[in-house]
There are 2 protein chains.
Amino acid sequence: MSTHSFQAPKGTRDFYPADLGVRRHIEAAWRSASIDCGFDEIEGPTFEHLELFTAKSGEGIVNELFSFRRAGGENDYALRPEFTPTLARMVAARAGSLPVPVKWFAIPNMFRAERPQRGRLREFVQWNIDTCGVEGAATDVDVIAVAILALERLGLTPNDVQVRLSHRAAIARVLGALGVPAEKAADAMTLLDRRDKLKPEEFAQRAEALGLSAEGVARFDAAARATQRLSEPLAALAARIGVPVEEFAALDEVRTAASRAGILDWCTVDIGIVRGLAYYTGTVFEVHETSGAERAVAGGGRYDGLVELFGGPKMPACGFGMGDVVLANVLRDRKLLPDDGATLLPRPDAFVISAGGELAEAELPRLVMELRRAGLHVRTSSKATRNVGKLLGDAGKNRARTAVILGNELAEGSVALKNLDAGSQLVTPLIGLADAVKAIVRG
Amino acid sequence: MSTHSFQAPKGTRDFYPADLGVRRHIEAAWRSASIDCGFDEIEGPTFEHLELFTAKSGEGIVNELFSFRRAGGENDYALRPEFTPTLARMVAARAGSLPVPVKWFAIPNMFRAERPQRGRLREFVQWNIDTCGVEGAATDVDVIAVAILALERLGLTPNDVQVRLSHRAAIARVLGALGVPAEKAADAMTLLDRRDKLKPEEFAQRAEALGLSAEGVARFDAAARATQRLSEPLAALAARIGVPVEEFAALDEVRTAASRAGILDWCTVDIGIVRGLAYYTGTVFEVHETSGAERAVAGGGRYDGLVELFGGPKMPACGFGMGDVVLANVLRDRKLLPDDGATLLPRPDAFVISAGGELAEAELPRLVMELRRAGLHVRTSSKATRNVGKLLGDAGKNRARTAVILGNELAEGSVALKNLDAGSQLVTPLIGLADAVKAIVRG
């Protein structure tokens, strides 16, 4: 066995308890926001038929996948690089019997065979929110609001991150108003999507190739970079780009719904948000750190053709994905994660200590199991020492809320119960000890 | 795209909300038992270097694995068929700095490229419990007790399942006392392990090949089938097999520890429990349904050479694995799972209904978001109807605990709040509504 096999494969992670504490902290915010917003959790296979992924993304995706075939088997499989095809397959399979709207969330692990870099690993966790069966801006906003609720619960504010959103219909109309011919609309969107990756002169050159005049190129450039808080009136944005405000009708519906839900301050209109994926059909959005320092925290939008693509009926759909890697980077940037993830782990309710003597030694294992059976998180020491001071030190290192000391009082059927947060101590009978501990730790 | 790609790969599962409800119910018992017993959660990569698995189990395991190589990459990887090598690698990598004992649990998904059958799938979830760094029967019992705690929380009793346990040292001594020569001890253990798979005459034939006399074969056969509740004295078992009770010294230590922890009634001595894996070194155990109807629910024991095998220091270790598939079968056999897994899903705290009118329509999205921000699980209808009776029916179908009705009282800043479990109703101001709902749903 070579030395490298003693390490996690490149781009994957070992989660020691403190690392998993951070991950579970993020997942808890995702899960609670999902449930509070009325989404039901689902999960699918970690690997799928390879065709499921090429159907949506074309053969080009194969090089980005970990694919394999069972020895002697006939089918090609791939580790899932995204969850949407699984979700669409599951909706399609039961489209007739599912209650509408389908509101599902999932927190699957996913895989990409690309070169690992900051914010991008070969295995990661991605929160997925999807609503199927309902059209309209209110639903889009419902979906965006789940993301905001989770971000809020992680301590982020509109000053830290913004939902940058646009709308395919609005973009198409703006492009038309700017003089982009209909047959060049797709090229123009691709160019918008690459806005941040191209040098200004290259961007201008390509804008010209869309058939725009010099003035048209300048206006297209301005539109591509146009952003404005969603709380501001869209007329201001339209005036800046030089198009009639009516072109923004679709975005205005989103704005009204966002206003009603009370999430305007979390949102920014960004005409340059296109989302590369061709299958989006309406609202599109990404969550970005306001400083622009990290990759997108999340991305999604409306994709009404999705379920049909995977063999189901025509069914409107809207959703997003949010990965754990970039989000953890943002939370760290904003000092919203503790230096030591271990402080996020559940604290023991009681640390049970034997002060020595035959009675205590025999009683300790029984008592520990009894308290655990009562639903308490109980730890004890495996050390040989019966030095109560040292063992209380261990209780502190374990972050225990109370210490139960089996000492002299045991002969009378009692133990010492120490509230380690308050520093107080009382002697309490063994009978009813679990309730006495609960009274301290659960207030 | 062929039709089969619209289905989950053979041997894997789609978890719709009701299915995932069952899985989460089982995982919650695993997780809470682990935490209450002082174990910290870890996780590793879903795939590892292929060598990590062949190091422990030999090249023979390759055919049971899903293995692959990244296009253009050099390393062979495999989807994990078990978690122990990952755990041992992680302990070995930080053996010098980890607090002893290392007490870790994990609930990873795992993969086997075998033919799926009842109780065995190609992807499944397995709870892993491991303690490293401490020797002794008390630690073995600590590990067994976690399993029992989880089984108890799932509603199982000692009448439903039993921990069938043995001890390698005790088996070795019993084999010696029965006349098996030392050089045949390994063969004898293999034969014990196959006890239930061989016909009686074949078993006897192989026992003879161990060099046993006819009488020795009969005694070996009796020993192989010898089981007894752990609560009974070991002397009775020794007498039945015809060996001195001293040969059971190692098992007696486990018995004493189990008695102290109060789990005797969950345990049965079973000399025929060997656990095929060669690396066990002490206590070995399996959890079985008492009827014997299903495969083993869990299996584990002490494997003191484990961490060293993966490049770490010599470090005693003990643990077990418990899969979700057999356990769910056992729970279903015992009527401990609801017919509809959806009843295991979290109930909505409030279902918000608009009785119609401009004010209600505008207020509803704001109020829903406000209640969700207050940490409440809130649902609403996407239907066009404003028939309160019909919408209350939907609230019931959603299993909501309360209904909030935006009606005529809204003009005065109030809403109707219906306790759907109690059938009572009150009018309450919008301000403070979240607290009013909490007062109902949290008692």
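Reader: In which helix of chain B is E208(B) found?

Author: The model is a predicted one. In chain B, E208(B) falls within residues 200-208. The helix that spans those residues is α7.

Reader: How does E208(B) count by its C-beta neighbours: buried, partly exposed or exposed?

Author: A residue needs 20 or more neighbours within 10 Å to be buried, and 12 or fewer to be exposed. E208(B) has 14 C-beta neighbours inside 10 Å, so E208(B) counts as partly exposed.

Reader: What distance separates the C-alpha atoms of E208(B) and A218(B)?

Author: Along the chain, E208(B) and A218(B) are ten residues apart. Between their C-alpha atoms the separation is 9.7 Å.

Reader: Is chain A a compact globule or more spread out than one, and what is its radius of gyration?

Author: Chain A holds 15 helices and 18 strands. For its 443 residues the globule rule gives 22 Å, and the radius of gyration is well over that, so chain A is more spread out than a compact globule. Along the principal axes, its C-alpha atoms fill a box of roughly 95 × 60 × 50 Å. The radius of gyration is 28 Å.

Reader: What percentage of the contacts in chain A between residues at least 6 apart join residues at least 24 apart?

Author: Of the 443 residues of chain A, 48% count as buried. Among contacts between residues at least 6 apart in sequence, the share that joins residues at least 24 apart is 67%.

Reader: Which helix gives the largest share of the side of chain A that touches chain B?

Author: The contact takes 70 residues from chain A and 70 residues from chain B. On the side of chain A, six residues come from one helix, residues 358-373, and that is the largest share. By class, this side has 38 nonpolar, 16 polar and 16 charged residues. The helix with the largest share is α13 of chain A.

Reader: Which strands stand at the edges of the five-strand open sheet in chain A?

Author: The order of the sheet is β15-β14-β16-β17-β18, with mixed pairing. The twist from one strand to the next averages 25°. Two strands have a single partner each, so one side of each is left without a neighbour in the sheet. These edge strands are β15 (378-380) and β18 (424-429) of chain A.

Reader: Which residue in β17(A) is the bridge partner of V404(A)?

Author: Strand β16 (residues 402-406) of chain A pairs with β17 (residues 414-419) of chain A in the antiparallel sense, over four bridges. The partner of V404(A) in β17(A) is L417(A).

Reader: At about what angle to β14(A) does helix α14 of chain A run?

Author: Helix α14 (residues 388-397) lies across β14 (350-354) and β16 of chain A. Relative to β14(A), the helix runs at about 160°.

Reader: How many residues of strand β14 of chain B are buried?

Author: In a regular strand the side chains alternate between the two faces of the sheet. On one side of β14(B), A350(B), V352(B) and S354(B) are buried, and on the other F351(B) and I353(B) are buried. The buried count for β14(B) is five of five.

Reader: Which helix joins β14(B) and β15(B) in a right-handed β-α-β unit?

Author: β14(B) and β15 (residues 378-380) of chain B run parallel and are joined by three bridges. One bridge pairs A350(B) with V378(B). The helix in the unit, residues 358-373 of chain B, is α13.

Definitions and conventions. Residues are numbered from 1 along each chain as its sequence is written. Chains are lettered from A and ligands numbered from 1 in the order in which they are written. This is a predicted model: local features need pLDDT of at least 70, side-chain atom pairs count only at pLDDT 80 or more; totals for chains, interfaces and linings use all residues. The radius of gyration is taken over C-alpha atoms; the globule rule is 2.2 Å times the number of residues to the power 0.38. Two residues are in contact if their C-beta atoms, placed from the backbone, lie within 7 Å. Ala, Val, Leu, Ile, Met, Phe, Trp, Tyr, Cys and Pro count as nonpolar, Asp, Glu, Lys and Arg as charged, and the others, Gly among them, as polar. Two strands pair if DSSP finds at least two bridges between them. Axes are lines fitted to C-alpha atoms, for helices over the stretch in contact, and angles run from 0 to 180 degrees between N-to-C directions. A crossover is right-handed if, with the strands pointing away from the viewer, the path from the first strand over the helix to the second runs clockwise.
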